[in-house]
Amino acid sequence: MFVNFLRCKMKCVISQDIKAGAKLIRDGELVAFATETVYGLGANALNPEAVAQIFEVKQRPYFDPLIVHISNVAQLENITLGLSEHARKLADRFWPGPLTLVLPKKKVIPDLVTAGLESVAVRIPAHPVARELLETTNLPIAAPSANKFGNLSPTQAKHVEEQLGSEIKLILDGGPCSVGVESTVIQCAEGSPILLRPGGVSLEEIESCIGEVQIARIEDHAETNSPLSPGMLPKHYAPKTRLFIVNNSDEIPKTGRNGLLSLYPIEETCLRGYQFSAKEILSPAGDLKLAACKFFTALRNLDKAEIDNIIALRMPEKGLGRTINNRLERASSS
């Protein structure tokens, strides 16, 4: 049974006061903070009542596990049973950074954090705000994205304020997120490594480090409500406006005002000549890292553009294009 916290509307402060954020975390409160991927909603990962507030504020289902953030590899000894050879290689290459490893957990991590699983998702963020917060609290911090469950992930402090500003006390502002999509999640608990969620580290980069990895099928876990990591539910990251992934103009809805989300300018796509009421071009030069960085902000802009449909052209299925396609598929109304 989980506690139902009665939270009053409060005045949220956007600040860079790390000491104030650390005190709130130690006192069992929630703090939103910048990371290089997206803004996180953090609580002391060792305090079940604090963690329960994350689920309440986000309206997140309790079967969806959280990622635990730590400041250095040595802290793994406190919360996990250790690193496999593959996990060690990945940690050495990509930490700090946008990679999460799913590892066997110690009992000190509450079951609420891991949705009852015997493994815990862990990462070391690279953003200086996140790192200083972790070092100042000297605690592992559980932190999913700082938004309402299933909605667009926040990549700026104002995005957090729009959704959660009346329910949390502090947002630690670190500017726009440099990666702009959530971390890649790799299960390294047993057997061969498995890609559970594509993210800020590409599959190609992972395989260049440890060789071929398996790719989890989301549908295998969605029916039983037993995801192995965050970001494995089939419907997620969605704008309020209906979103359709199309390959040509014949697939565009015939009624309503349409907005376009594309990697390239429309003149360079299969939709050349089609008229859109709004357009968001992620990278005219085809830079997929830049596209990922701009992705959630572009979707947010289209969601506010007073259109009926967002028409998204699929990205190249390589590098961070694979990550963007994954997010589009979760957000799609198709």
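**Cavities**

Two cavities of 30 Å³ or more sit inside this predicted model.

Begin with the largest cavity. Its space comes to about 230 Å³. Select A143, P144, S145, E182 and R197: of the 22 lining residues, these lie nearest the centre of the largest cavity. Now colour the lining of the largest cavity by class. You will find seven nonpolar, nine polar and six charged residues.

Next, go to the second largest cavity, with about 40 Å³ of space. Select P65, L66, V102, V113, T114, L117, S119, V120, A121 and L228 to show its lining. How many charged residues does the lining of the second largest cavity have? There are no charged residues there; eight are nonpolar and two are polar.

Switch to a cartoon view. Which element gives the most to the lining of the second largest cavity? Strand β6 does, with three residues. Highlight α5 (111-114) alongside β6 (119-123): each supplies at least two residues of this lining.

**The four-stranded sheet**

Move on to an open sheet of four strands. Read across it in the order β12-β15-β13-β14; the pairing is parallel. Select β12 (242-246) and β14 (278-281). These two stand at the edges, each with a single partner strand, so one side of each has no neighbour in the sheet.

In general, the strands of a sheet pair through backbone hydrogen bonds, in either a parallel or an antiparallel sense. Zoom in on β13 (residues 258-262) and β15 (residues 309-313). Four bridges join this parallel pair.

Bring up helix α11 (residues 319-331). Helix α11 lies across β12, β13 and β15. Against β12, the helix runs at about 130°.

Last stop: S332, in the segment after α11. Is S332 buried or exposed? S332 counts as buried, because its relative accessibility is 12% and the cut-off for buried is under 20%. Show the side chains around S332. Leaving out residues up to four places away in sequence, S332 touches K235, L243 and I245.

Notes: Residues numbered from 1 in each chain as written. Predicted model: local features only at pLDDT ≥ 70, side-chain atom pairs only at ≥ 80, totals over all residues. Heavy atoms only, no water. 1 Å grid on protein atoms, 1.4 Å probe; cavity = no way out; pocket = protein on both sides within 12 Å on 5 of 7 lines; lining within 4 Å. Points joined across faces, edges and corners; volume = space filled by probe spheres on them. Nonpolar A, V, L, I, M, F, W, Y, C, P; charged D, E, K, R; others polar. Pairing = 2+ DSSP bridges. Contact = heavy atoms within 4.5 Å. Axes fitted to C-alpha atoms, helices over the stretch in contact; angles between N-to-C directions. Buried < 20%, exposed > 50% of the residue type's maximum accessible area, 1.4 Å probe, protein only.
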